[in-house]
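Please look through the sequence and the three-dimensional view below before reading on. The report that follows goes from single residues to the whole chain and back again.

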Amino acid sequence: MTVAATKLRVEDKLFQNRYLVDPGRPHITVRPHEHPSANLRALTRICPAKCYELNDKGQVEIAADGCMECGTCRVLCEASGEVVWNYPRGGFGVLFKFG
């Protein structure tokens, strides 16, 4: 008897979470920049919710909808001031299904 290997993807787990968007009040913003630093560019690869991406001009943008509030961007970029992070207002943000 052979057991099929199941691949577990982060996206499959993220689907379990829900997110209540606070329109017009994102809890994370990326400061305007002409050329992103290495840390800011790294967020396009290491953010578990894939909230960061490069635009056509090579600048990093964020779509905070779906953010898991894990703090990865704070660790990498808050000290340099490239990312401004605040907790979402009460009742908004990520809603974890299993905890």
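This is a predicted model: local features need pLDDT of at least 70, side-chain atom pairs count only at pLDDT 80 or more; totals for chains, interfaces and linings use all residues.

Is Asp22 buried or exposed? With a relative accessible area of 12%, Asp22 falls under the 20% limit, and therefore it is counted as buried.

## Overall architecture

The secondary structure of the protein consists of three helices and six strands, and, when these elements are read along the sequence, they follow the pattern α-β-β-α-β-β-α-β-β. Of the 99 residues in the protein, 26% are buried. The accessible surface comes to about 7,200 Å², and carbon and sulfur atoms account for 55% of that surface.

Contacts can also be sorted by how far apart the partners stand in the sequence.

## Two salt bridges

Side chains of opposite charge can pair when their charged atoms come close. The count of salt bridges here comes to two. In one of them, Asp22 pairs with Arg89, and the closest N and O atoms are 2.7 Å apart. This pair links distant parts of the chain, since Asp22 sits in the loop between strand S1 (18-20) and S2, while Arg89 sits in the loop between strand S5 (83-85) and strand S6 (93-95), 67 residues apart. Asp22 is buried, as stated above, whereas Arg89, at 38% relative accessibility, counts as partly exposed.

The other salt bridge joins the side chains of Glu78 and Arg74, at 3.3 Å from N to O. Both residues belong to helix H3 (residues 72-78), where they are four residues apart, which is about one turn of the helix. Glu78 is partly exposed at 29% relative accessibility, and Arg74 is partly exposed at 30%.

In soluble globular proteins, nonpolar side chains tend to be buried together. In this model, the largest nonpolar core has 13 residues, and those with the most contacts inside it are Ile28, Leu40, Leu43, Tyr52, Cys73 and Val83. The elements S2, H2, H3 and S5 each supply at least two residues of this core.

What does Tyr52 touch, if residues up to four places away in sequence are not counted? The list of its partners includes Ile28, Leu43, Cys73 and Val83, which are also named among the core residues with the most contacts. Tyr52 touches Val30, Thr44, Cys47, Val60, Glu61 and Ile62 as well.

## An aromatic pair

The structure holds one aromatic pair. The ring centres of Trp85 and Tyr87 are 4.8 Å apart and the ring planes stand at 80°, so the pair is described as edge-to-face. Trp85 is buried, with a relative accessible area of 6%, whereas Tyr87 is exposed, with a relative accessible area of 63%.

## Two buried loop residues

His33 is found in the loop between strand S2 (28-30) and helix H2 (38-46), and, with a relative accessible area of 17%, it is buried. The side chain of His33 reaches the backbone nitrogen of Val60 at 3.0 Å. If neighbours within four places in sequence are left aside, His33 is in contact with Leu40, Gln59 and Val60.

Asn17 lies in the loop between helix H1 (10-14) and S1, and it is buried, with a relative accessible area of 17%. Not counting residues up to four places away in sequence, Asn17 touches Met68, Val94, Leu95, Phe96 and Lys97. Asn17 and Met68 are 51 residues apart in sequence, yet their C-alpha atoms are 8.6 Å apart in space.

## Positive phi angles

Most residues other than glycine have a negative phi, and most peptide bonds are trans. Lys50, however, has a phi near 55°, which is a positive value in a residue other than glycine. Lys50 is placed in the loop between H2 and strand S3 (52-54), and at 52% relative accessibility it counts as exposed.

Glu69 has a positive phi too, with a value near 55°. Glu69 lies in the loop between strand S4 (60-62) and H3, where it is partly exposed, with a relative accessible area of 25%.

Conventions
Residues are numbered from 1 along each chain as its sequence is written. Side-chain values use heavy atoms; hydrogens and water are left out. Buried means under 20% relative accessible area, exposed over 50%, partly exposed in between (1.4 Å probe, protein chains only). A polar contact is a pair of N or O atoms within 3.5 Å; within protein, one must be able to donate a hydrogen and the other to accept it, and residues adjacent in sequence count only if both atoms are side-chain atoms. Contact means heavy atoms within 4.5 Å. Accessible areas come from the Shrake-Rupley method with a 1.4 Å probe; for residues, only the protein chains shown count as cover. Rings of Phe, Tyr and Trp (its six-membered ring) pair if their centres lie within 6.5 Å; planes under 30 degrees apart count as stacked, over 60 as edge-to-face and the rest as tilted. A salt bridge is a side-chain nitrogen of Lys or Arg within 4 Å of a carboxyl oxygen of Asp or Glu. A nonpolar core is a set of buried Ala, Val, Leu, Ile, Met, Phe, Trp, Tyr and Cys residues joined through side-chain atoms within 4.5 Å.
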